[in-house]
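Colleague: Could you walk me through this model and tell me what sits behind each label you use?

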Amino acid sequence: MSKGSTGYGTTAGRSSRRRILRLAGAGLTMATLGAGLTGCEDTSETGGEGSIPPPRTASPEDGGKAPEDGQAPAPLWTKSTSAATYGDNDELVAVDGVVIASGDPLAALDGATGAERWSLPGGAIPGAPLLLGNGTLYLASGKYDGSVIGYAPASGKETWRSHLGKEYRQPRPVAVDGTQVYVIAEILEADGSSRTNVIAALNSATGKLVWKEQRDLGTQQNGVHAAVQGRYLVYTDFKKNLTVRDTATGRQVWTQKTAKTSYGPFAVHQDLVIVPQGQKLQAFALSDGSEKWSVEAEQFTTFREPTVLDDVLYIADSGRTLWALDPRTGKKVWQSTALKDSGAQVPRQFVRVGSTLYGATDLDKQGGIHAFDAKTGALRWTFNDKSGDYHAWLVATDGKRVFALHGKKLHALPGA
């Protein structure tokens with residue numbers, strides 16, 4: 001998810017279609033997967049198994065920089081981790097000289113060497129994100145005691161703590177801005193069950209409750225993607241709702257139903273929220289929900305997750321076209337067919353270092369970490385560890401290095 005100019009967002013919950021696809025790849029039964037599998041995208045549409053030619057040879061070379069022939073660089077270092085990820089973008093972060101992957105124990109590795117800086121047993125619970133803001137790493141308590149805790153990323157020391165109340169269960173942070181941490185929690189019934197949930201704002205200095213609002217009956221705690229932009233808290237959920245609230249009061253400003261693909265990450269830029277909805281990419285005004293621009297992909301193709309980096313919106317579609325758009329207007333900056341031309345997987349998470357755009361793919365075959373020319377979309381190289389692990393690739397950067405997580409393996413690549 002892209003980060004707004006004044007706030008940070010993330011994903012709460014992990015019952016996503018990406019997770020279902022990966023769990024299916026791990027050999028779970030249809031009884032375990034249940035009805036959720038019926039909404040999964042065709043692998044032929046997303047560039048999955050069977051839709052691409054055999055993978056290219058891409059043996060990394062020594063030296064730390066990509067050679068001229070398009071081969072990927074060798075990792076600066078590779079470490080085994082305790083990572084337990086489902087493919088959401090908030091499960092790998094790089095900040096204050098360390099890189100952290102969601103897992104138990106939660107471990108911070110030195111970005112330059114891969115050496116462990118600190119470790120926190122039970123630090124990241126399944127379904128709760130790694131949320132960064134105000135120089136703090138916010139986590140749902142691994143003790144399941146109803147607390148939300150802030151840590152200094154460089155040292156792992158606790159710096160902040162809040163408790164929503166005994167009448168709420170499993171509060172999970174979803175977004176943060178300069179003054180508040182936003183959480184979603186289940187409302188407990190007398191018999192210990194829960195049928196509703198609450199969204200609340202906690203003061204990021206004192207931990208005290210600022211406001212709380214009960215969400216509509218039928219909404220879920222899981223599957224929430226959120227971001228803060230100025231006075232607006234924006235989020236989507238598995239019920240296909242796009243909702244905007246006032247950060248000062250919690251009052252709902254507007255809400256509307258969205259299409260099938262919109263419960264994944266979205267982007268915010270200036271006064272807009274940009275949401276992929278199947279074949280269409282739409283931008284809505286944060287103030288009132290009015291549509292400001294839209295872009296359509298080719299017939300039978302769908303847009304993936306968008307990211308705004310350095311005032312450019314990057315997004316791929318299932319037809320393996322990579323787009324760069326002006327996020328203010330939707331006008332095309334460039335469009336690249338390099339993925340289609342090389343038979344490569346579609347990326348759905350992006351970071352940028354200098355003139356290179358890095359994209360992490362979901363399924364592994366002919367995927368991994370793609371490196372593109374940020375000005376043209378030309379595909380420079382693809383890094384893949386050849387492990388065949390069914391987990392999605394995740395990517396993060398500290399501005400110097402690019403960190404690629406694949407299953408339990410964390411690789412540090414040169415950033416340029």
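Predicted model: local features only at pLDDT ≥ 70, side-chain atom pairs only at ≥ 80, totals over all residues.

Colleague: Why is the pair Y314 and W334 called tilted?

Modeller: The ring centres of Y314 and W334 are 6.2 Å apart and the planes sit at 45°, so the pair is tilted. Y314 is in strand β24 (residues 312-316) and W334 in strand β26 (residues 332-336), 20 residues apart, and the pair links distant parts of the chain. Strands (E, at least two residues) and helices (H or I, at least four) are DSSP runs, numbered from the N terminus. Ring pairs also bring F350 into a cluster with Y314 and W334.

Colleague: Are Y314 and W334 buried or exposed?

Modeller: Both Y314 and W334 are buried. That word means under 20% relative accessible area; exposed is over 50% and partly exposed is in between (1.4 Å probe, protein chains only).

Colleague: What makes a group of residues a nonpolar core?

Modeller: The residues must be buried Ala, Val, Leu, Ile, Met, Phe, Trp, Tyr or Cys, joined through side-chain atoms within 4.5 Å. The largest such core here has 16 residues, and those with the most contacts inside it are Y314, L322, F350, L357 and F372. β24, β25 (322-325) and α4 (338-342) each supply at least two residues of this core, and β24 gives the most, with three.

Colleague: Which residues is L357 in contact with, leaving aside its neighbours within four places in sequence?

Modeller: Contact means heavy atoms within 4.5 Å. On that basis the partners of L357 include L309, Y314, L322, F350 and F372.

Colleague: How do you know that R352 and D310 meet in a salt bridge?

Modeller: A salt bridge needs a side-chain nitrogen of Lys or Arg within 4 Å of a carboxyl oxygen of Asp or Glu. For R352 and D310 the N to O value is 3.8 Å, so the pair qualifies. R352 lies in strand β27 (residues 347-353) and D310 in the loop between β23 (307-309) and β24, so the pair ties together parts that are 42 residues apart in sequence.

Colleague: Why is R352 called partly exposed, and what is D310?

Modeller: R352 is at 24% relative accessibility, so it counts as partly exposed. D310 is at 59%, so it counts as exposed.

Colleague: What about R231 and D246?

Modeller: Their side chains meet in a salt bridge too, at 2.9 Å, N to O. R231 is partly exposed, with a relative accessible area of 45%, whereas D246, at 8%, counts as buried. A search of the whole structure finds nine salt bridges.

Colleague: What makes β3 and β6 edge strands?

Modeller: They belong to an open sheet of four strands in the order β3-β4-β5-β6, with antiparallel pairing. β3 (92-95) and β6 (116-120) each pair on one side only. Two strands pair if DSSP finds at least two bridges between them; β5 (residues 106-110) and β6 have four.

Definitions and conventions:
Residues numbered from 1 in each chain as written. Heavy atoms only, no water. Phe/Tyr/Trp six-rings, centres within 6.5 Å; stacked < 30°, edge-to-face > 60°.
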